[in-house]
Each structure stands twice: as C-alpha cells, then as structure tokens.
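Subject: Structure for you to look over

Hello,

I am handing over the structure we spoke about, and my notes on it follow below. Please read them with the structure open.

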Amino acid sequence: MNNMDNYLHILTQNTPRGSAVKSSFLQKCISFGSAKKGLSFDGTNDETFPSNDLSMSVMVPENESAMHVLYEDNLTNPESRLNVSRGEFDTTIIFDLDAGSQIIESMYQDFLSFFQSYAGEQEAFNLLFNYEELCCNNYGAVSKILLKINCTDVNFAKLSTRLCSLQLERNTWRLLRILFQDRLEADMDEGDILMSTLGKMSDKDIVDNLYKRNSYIRQCQLIVDWLEKNAEEDFHEIFFNRFQYFTDKCMSLEHSLNELITSNFNRNRTGVREMDPDAAFRQESYPLHETDKENENRLFKFMFICIRAGKLDEAQQLAERFGEPWLSAALEGWRLFHDPNYENQVAEGQELCLIEGNKYRDLWKAACWEASQAPAISVHEQALYGSLCGNLKAVLPVCKTWSDYLWAYTRASVDKLIEQEIRNTTQQDRSLEELPVEYWDKVLDLEEIFQELAASNSEIVKSDSKGHHSVIQKFIILDDIDGLIKEMYGWLNKGNLDGHILRCMAHIILFLRLVGHSTKEELCVPILEAYVQELIKARKTDLVAPYTSTLPKEQQIIWYAKFLEGITDNNERQKCLQFAEEAGLEISQITKTVVKNIREKNTGNIEPSTDLSAVTTQDDLQKIHAIDWLIFNPTQRAEAMKQANALMRVFVIQRKIDAAKLLFSKIPQDSVAVMMQLSKVKGFEELSADDDNSTREYLCFRAYLEAMEAFESWFRHSFHAKPKEPPAPIGDHVTFKEKVAYEHELQQYQKDLERWQNVVANLASTALDCLYNVLLFVDGGWMIDQRTDGTTEENRQLQLLHLRKLCIPHVARLLQDLLLSEEKYKEAIQLVDIISSERYQLYKVFIQEDMKQMLRIAMDSSFALLDTNMDPLGYSCQ
C-alpha cells in the first residue's frame with residue numbers, strides 16, 4: 001500500500017460513518033471550515049447551540065426569557081405555526097397559551113388542596129415534597145406547550161416569565177425541604193455522634209464522619225447537591241435530550257490526524273507532529289486543527305455542564321464516547337479512596353470487595369490544580385478541572401447566573417473544608433502532597449459567599465441576587481428565618497407583588513407554623529393578609545375562606561367581610577357562606593360586619609332632604625341588598641332588624657321613602673315571631689332589652705311608612721283621579737241626539753263622582769287612622785324606647801330624636817292638610833290640642849316656625865267654622 005492507500009484505510013476504518021471528513025475527503029473536496037465533527041444537536045448544524053454561552057447556566061437570568069432555546073428551536077422548525085411570508089397565523093397558538101396559563105393558575109387550588117391534606121407534623125416534609133413535585137410537573141407541562149409554538153406576542157412572553165418563576169419556586173421548595181429536614185433531625189441528635197477511632201479509616205470514612213458530626217459542612221454539601229439537582233433537571237430539558245453523536249465510537253482530533261498523515265503529501269501545511277493528548281501543549285508552533293479545537297471546546301463545555309449538574313459519570317462517558325478515554329480516567333481521580341476489605345472479615349477463598357476511589361488523590365489534586373491554571377487550555381477545560389480541585393478562579397469565568405456563582409463558591413469552600421479534615425486525620429502511611437498556597441486562600445462561610453455575590457462584577461448576578469426567590473433561598477440557607485420574614489414583610493410596601501410570589505410567601509409562613517418554628521406574628525399576619533387580598537382581587541371565591549381562617553379572629557372577620565362586600569348574586573352569596581362555615585369562620589360576626597361596612601359607605605353627615613321624596617341611588621340599592629346577608633340564617637333575624645332600622649333612619653331623614661319601603665320589604669314579616677321563638681329556646685320569656693327596642697323601632701317605621709303610603713293614595717285619588725264633568729252642548733242648533741248623549745254622559749259622571757267620593761272618603765279615613773297611629777304611637781310615643789336597661793347607643797338616640805323632630809311635625813301638617821281638604825275643621829282645631837297636650841308632649845319636637853304655621857291653619861279652620869254658624873272651636877252656637 002502506498003501512503004495514500006494507508007491513509008484511506010485508516011480514515012475508512014476509524015472515521016464515523018456519516019462523518020463530514022470522510023465524505024468530503026473521499027469526494028476530494030475537504031472543507032475544514034464548514035463541517036462540524038464530534039457533537040451535534042439532533043443532526044442539525046452548530047448554529048442551533050446558543051452562541052452566547054447561556055448554556056453554561058442552570059437557568060437563564062431572571063431578566064431574560066427562559067425560553068431562549070425554545071425560540072431558537074422554533075425558528076429552525078420548518079413546520080412553524082407562524083407563516084410570516086403568507087401572513088397566516090394558526091389560532092391553536094391562542095388555545096395552547098390559554099392552556100399554559102390555566103396550568104399555572106390552577107396552582108392556587110392545588111397548593112390549597114395539598115395544604116388541607118396535611119395530617120400532622122410527621123407529614124410536614126411530605127407537604128413540601130408535594131409542593132416541589134407540583135412545580136416540577138407544571139413546569140414540564142408548560143415547557144412542552146411553549147416548545148410546540150412559535151410566537152412573540154405579549155401573552156407568550158408573559159407565560160415564559162411565569163415559567164421562569166415556576167422554575168425558581170420549585171428550587172425554593174426543594175431547598176426548604178432538604179435543609180429543614182436536616183436541621184430538625186440534627187436538633188435531635190447533634191453532639192451524640194462521635195468520630196469512630198476503631199480500625200483503619202479511609203478518606204471516605206473520614207469525610208462520612210465529618211458529615212455526620214459537622215452540621216455546617218453537611219448542609220453546605222446539601223446546598224451543592226441542591227444546586228446540582230436543579231441544574232440536572234433544567235439541563236435535561238435543554239441539553240441532555242439533544243446529545244447525539246455520529247456514532248458510538250468517535251475518533252479524537254481526526255482533523256489533526258488528517259493533517260499529520262497528509263503532511264507527506266502537502267509539505268506546506270503546518271500542524272502537530274505527534275498525536276498524544278499533550279502534543280498540542282508541547283508543540284506550540286504546531287497547533288491543533290481549528291475544527292478539532294472547536295470540537296474540543298464543545299466537548300469540555302458539555303462536560304462542564306455535566307459536572308455542574310452533578311453528573312460526573314456522564315461526563316466520563318461523554319469523554320470516552322468522544323474518543324478521549326484518558327480524560328475520563330483523569331476525572332476518576334477525584335473520588336475519595338475507600339477499601340472495604342479493611343472493615344470486612346474476608347474468609348479464605350472469598351472474593352475481595354472492589355476498592356473505591358483514588359489512593360493518591362492528593363497527587364491528583366495538585367496536578368489538577370496546575371491543569372486548571374494552564375493558560376494554553378480553553379476556559380471550559382479550566383473550569384472542568386477547577387470545579388474538581390476547588391479552584392474557584394478557574395470556575396467563575398464560565399458562570400453566568402446567581403445559582404452558578406453560588407454553586408462555584410459553595411463547592412470550593414466545601415472542598416477546602418473536606419481537604420483540611422482529610423489532612424488533619426488521615427491514616428495513610430505517607431505524607432500527603434502539599435497543595436499550592438493559593439488553594440487555602442479565601443475559605444468563605446455562607447454569609448461571606450452571599451456578600452460576594454451581592455458585590456459581584458456581573459450585572460446579571462447582582463440583579464439575580466435581588467430577585468425574590470434568590471433572597472428567600474439566601475435566608476433559608478443562612479437559617480435566618482426572622483430575617484426572611486422581615487424581608488418578605490418589607491416587600492409588601494415596595495409595590496404590587498405577583499400573586500404567585502405571594503402564594504409562595506404565604507405557604508412558607510404556614511409551613512413554619514406547622515413545624516412549630518417561632519415566628520413574628522406581627523410580620524407574618526400582614527403577609528397572609530396580602531395573599532388573602534390578592535385572592536379577593538382575583539375573585540378566587542373558593543380559596544378566600546380557607547386562607548382567611550389562618551388569620552387571627554379579628555382579621556378573619558375584617559377580611560372575609562371585605563370579600564363578601566363584592567358578592568351580589570344570592571346563589572354565590574350562599575356558596576361563600578358555606579365556604580366560610582367549612583373553614584370555621586364566625587359567620588354571624590362576618591355578615592354583621594358586611595352589612596355595617598356597606599351601610600356606612602359614603603354616609604358623611606346625614607342631612608335631611610328638602611325634596612318631598614328623594615330619588616333612590618345605586619349606592620342605596622347596594623346598601624338595601626346587603627341586608628340579604630343577614631336573612632339567610634334565621635338566628636340572625638334580630639341583627640337583620642337592627643341593621644335595617646339603622647339604614648331606614650338614614651333613608652327617612654333623607655326623605656328617601658321609596659328606598660325605606662324597599663328596605664322594609666327585605667325583612668320577613670315573621671321576624672318578630674322568629675325572634676320570640678329563639679328567645680324562648682334560650683330560656684327567656686321575653687326579648688332582651690336591645691331586641692325589644694329594636695322591634696319597637698321596626699314597628700314605628702312600619703306605622704310611618706303605612707301612613708305615608710295611605711296619605712299618598714288619598715292625595716293621588718283626591719287630586720288626580722277625580723272624574724271630569726262632561727261639557728254641555730253649546731249653540732242654538734243643538735240636536736236632540738246631542739242632548740240625549742250629554743244627559744247620558746252626565747248620568748255616568750254623577751255615578752263616577754259618587755264612586756270617587758266614596759273612595760276618597762275611605763282613603764281619607766284610612767290615612768287619618770295611619771297618621772294618628774304615628775302621632776299617638778302607643779306606650780310612650782313614636783321612636784321612643786320602652787326599655788332603658790339595654791345597651792345605650794348615643795348615635796342611635798340622637799338619630800331617633802332627629803327623626804321625631806323631623807317626622808312628627810311633618811305628620812301633623814299632613815293631618816291638617818287632610819282635615820282641611822275633607823272640611824273637618826273641628827278635628828283640625830282639636831289636633832292643636834293634641835300637639836299641646838302634656839300627656840303626649842308632642843310640642844317639644846316642634847320648632848317655633850312649625851307651631852306658628854299650625855296655629856295659622858287652626859285660625860283659618862275657626863273662620864271656616866264661623867261661616868257655618870259654629871263657634872270658633874266647632875261647637876254649635878245654639
């Protein structure tokens with residue numbers, strides 16, 4: 001074989017089928033710049049991979065769209081639903097977006113269901129796990145919806161932002177579950193664990209004992225595991241399912257190998273002269289082929305992604321699959337050494353257990369540190385080695401977000417603490433290799449790490465550190481629950497919070513209560529109130545009552561009453577009362593407060609109207625219909641009557657008689673009987689003083705409204721319903737027919753007039769009785785309480801007095817008008833005697849002008865009597 005045949009044989013045997021190198025070389029049109037070897041995404045070109053390095057983060061920054069990759073994926077999809085060139089838009093996008101929004105909105109109800117299913121303190125962490133799983137499932141469902149569509153409208157961006165928040169909330173619940181479970185368990189056995197000193201201890205045993213007895217290091221490791229778990233799930237959605245390779249076996253540095261083999265045919269080309277892994281670093285004048293460099297960079301980028309997600313095994317498999325088994329073996333040196341055969345008694349002939357880890361891990365770590373600082377290698381390869389040996393400076397350049405930085409800092413700190421413990425307690429029979437001085441610099445605790453993040457040079461990290469979930473996670477990690485509650489309380493005053501962050505905050509407070517963690521209730525209650533307010537605003541009717549029940553009793557009444565104020569449909573009102581009853585709320589106090597709140601809206605100073613009958617407004621109708629809240633339950637009939645009386649006092653003072661009549665009709669006619677029956681059930685023979693006075697006031701209003709209605713009927717018939725006399729025929733040529741017709745009409749008129757006179761007389765008699773019922777109301781007078789042993793309400797007493805001064809003179813004037821109209825002058829004069837009588841003392845509620853007017857009318861009545869040959873008092877002169 002000649003050299004060309006040898007090369008073709010090597011290339012044919014070792015180049016993957018489908019490799020761009022193989023096909024292009026065999027066609028004699030090698031294109032080193034266009035073909036991408038090694039890693040690929042679903043068979044597409046490299047442009048599908050995000051070029052802005054956001055792939056290095058577990059998530060994109062909070063201020064950027066989490067669906068960055070989704071946009072790119074859709075833009076390369078030939079079956080995109082949005083055909084811009086033809087101006088067509090598939091309306092299924094709208095339904096998909098609605099479905100995604102419904103999934104996220106359903107979390108309000110789902111969280112409540114899980115919270116209500118909580119059965120005891122032993123299930124507190126199951127509750128957190130349910131919250132976490134709910135976020136995970138919904139995150140996956142919404143992600144699939146967004147992957148299927150391509151749209152850039154506001155709703156799509158809004159749903160993408162909510163997806164980011166859902167991702168962060170999932171991480172928060174996971175962190176809370178992991179750390180609180182460890183802390184509560186540690187409280188029970190902290191200090192009881194002593195490091196074993198019996199037998200030979202391996203590095204793995206030393207670290208295991210360290211984790212058991214040092215809660216701080218253990219929790220730091222839990223934080224690292226938490227960050228890696230988050231990254232694993234997020235990277236799996238974006239990258240892991242897109243790892244595709246041309247073949248299971250891939251040749252490393254195939255382009256450089258091509259350069260080496262063809263160097264005999266092309267003397268002008270320069271390249272490596274050896275093909276071992278370190279060749280490129282020894283021969284700086286002969287660099288790797290550009291395409292191999294690009295493949296190498298992509299390999300280390302994906303390997304770092306695996307390490308970031310806690311997937312060391314997958315990183316090793318990726319290196320082997322790419323044709324670099326040496327790199328996989330190099331990563332193996334990170335593992336802690338452990339020989340189980342020292343602990344187990346091995347019988348003769350029994351197979352020995354496998355030895356784990358690297359006995360010379362100290363040597364490996366020193367070499368790894370040097371490699372992480374080598375300037376000749378790519379930044380991702382440096383980060384790969386740095387993450388395994390604790391070199392923070394090598395890792396930070398590829399970190400993008402707050403989570404990445406927190407992972408890098410915490411992992412480096414844990415690494416140094418563990419290394420220190422190993423070196424202090426190692427039982428190896430040799431001295432360990434010294435690590436560089438830089439390794440031991442800057443061993444930060446968690447609080448110092450967060451200070452570093454807040455002061456980071458990266459604007460993305462600084463911005464992320466101020467995000468709600470980042471702040472919550474920080475305080476959970478620092479075990480500063482009081483600081484967390486204080487911070488969340490401060491958010492309430494900084495503007496409108498999203499409903500989902502309020503939900504998360506509220507459930508954090510409720511979880512702390514469940515596990516018995518002491519909290520500042522004066523700060524926790526406003527947070528719960530803010531969530532209840534958000535539920536009221538969002539009209540989530542079935543959720544308000546359960547969360548209101550988590551508030552103190554006084555706040556329960558205030559907030560649920562405020563919620564019920566906006567419910568107008570009777571069926572919905574009954575459902576809300578049922579929800580309140582199921583949640584254990586005090587329905588009677590709540591409904592009472594609802595009616596009181598609505599009744600007292602827009603009242604101001606109550607001034608009497610000058611109109612004979614003022615118009616009923618929408619506000620008046622709202623106040624009237626509010627009484628229905630007290631009608632549903634018969635046991636609240638007394639309260640319904642009291643509230644109705646209070647509102648009727650206002651209406652009557654304002655001359656809103658129609659509104660007062662409508663309100664009066666709301667009170668069932670059997671209310672007094674029901675109140676008496678309930679009083680007897682309680683063992684009392686009569687009503688309480690307050691209920692008795694309220695009932696009397698109710699009857700006073702009934703008498704007054706009946707009097708107004710009777711007078712109005714008389715007035716309407718008397719002045720507007722009187723028959724009109726038919727006109728007599730006029731002229732000299734009146735026909736007989738016209739005379740007969742006129743006589744017939746006149747006869748009918750006389751009948752109608754007689755009938756009208758009878759009706760008016762009856763209506764006048766009824767109106768007189770009703771008006772006298774008000775004027776001479778039994779047992780002390782109209783709007784005067786009989787019982788004085790009840791609760792004294794100063795405002796009510798003032799209103800009752802005001803009503804007497806307003807209504808009694810008015811009723812007296814109506815009586816005089818009616819009597820004069822009916823020519824009952826003697827009774828009109830007698831009315832003055834009734835007003836001035838010391839028995840009734842009605843004159844006390846008259847002002848001087850009213851008395852003068854009444855006396856002038858009485859004088860006119862006396863003159864009318866004199867014209868009928870009667871004396872001025874209406875008696876016969878004979």
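Leaving aside neighbours within four places in sequence, Y560 is in contact with V544, A545, T548, C576, F579, A580, L585 and I590. Please keep in mind that this is a predicted model. Y560 sits in helix α26, which covers residues 553-564. Its relative accessible area is 0%, so Y560 counts as buried, the limit being under 20%. One of its contacts, A545, is 15 residues away along the chain, and the two C-alpha atoms are separated by 7.0 Å.

Y560 also belongs to the largest nonpolar core, a set of 210 residues. M303, Y560, Y704 and W782 are the residues with the most contacts inside that core. Helix α34 (residues 736-775) gives the most to this core, namely 12 residues. As background, nonpolar side chains tend to be buried together in soluble globular proteins.

R804 is a charged residue in helix α35. With a relative accessible area of 8%, R804 is buried. Not counting residues up to four places away in sequence, R804 touches G781, W782, M783, I784, P809, L842 and V845. W782, in that list, is also among the core residues with the most contacts. From R804 to L842 the separation is 38 residues in sequence and 9.0 Å in space, C-alpha to C-alpha.

Helix α31 runs over residues 657-666, and its buried residues are I657, A659, A660, L663 and F664. Seen down the helix axis, these fall within an arc of 155 degrees, so they line one face of α31. That face is explained in part by helix geometry: an α-helix has 3.6 residues a turn, so residues three or four places apart point the same way. The buried residues of α31 pack against α29 (618-626), α30 and α33.

Two arginines have backbone angles to check. R655, in the loop between α30 and α31, has a positive phi of about 65 degrees although it is not a glycine. R655 is buried, at a relative accessible area of 11%. R539 lies in the loop between α24 (521-537) and α25 (541-548), and it has a positive phi of about 60 degrees, again without being a glycine. R539 is partly exposed, with a relative accessible area of 44%.

Now the pockets. The largest holds about 840 Å³ of space. Its lining is made of 34 residues, and those nearest its centre are A646, R649, E793, N795 and R796. Helices α28 (587-599), α30 (637-653), α33 (689-720) and α35 (794-821) each supply at least two residues of the lining. By class, the lining has seven nonpolar, 13 polar and 14 charged residues.

The second largest pocket has about 650 Å³ of space. It is lined by 26 residues, with Y211, Q221, W334, L336 and R411 closest to its centre. Two or more lining residues come from each of α8 (203-213), α9 (215-238), α13 (312-321), α15 (361-372) and α18 (402-425). The largest share, five residues, comes from α18. This lining divides into 11 nonpolar, two polar and 13 charged residues.

Regards

Methods
Residues are numbered from 1 along each chain as its sequence is written. This is a predicted model: local features need pLDDT of at least 70, side-chain atom pairs count only at pLDDT 80 or more; totals for chains, interfaces and linings use all residues. Side-chain values use heavy atoms; hydrogens and water are left out. On a 1 Å grid over the protein atoms alone, a cavity is a set of points where a 1.4 Å probe fits but cannot get out, and a pocket is an open set with protein on both sides within 12 Å along at least five of seven lines; lining residues have an atom within 4 Å of a point. Grid points are joined across faces, edges and corners, and a volume is the space filled by probe spheres set on the points. Helices (H or I, at least four residues) and strands (E, at least two) are DSSP runs, numbered from the N terminus. A nonpolar core is a set of buried Ala, Val, Leu, Ile, Met, Phe, Trp, Tyr and Cys residues joined through side-chain atoms within 4.5 Å. Buried means under 20% relative accessible area, exposed over 50%, partly exposed in between (1.4 Å probe, protein chains only). Contact means heavy atoms within 4.5 Å. The arc is that of the directions from the helix axis to the C-beta atoms.
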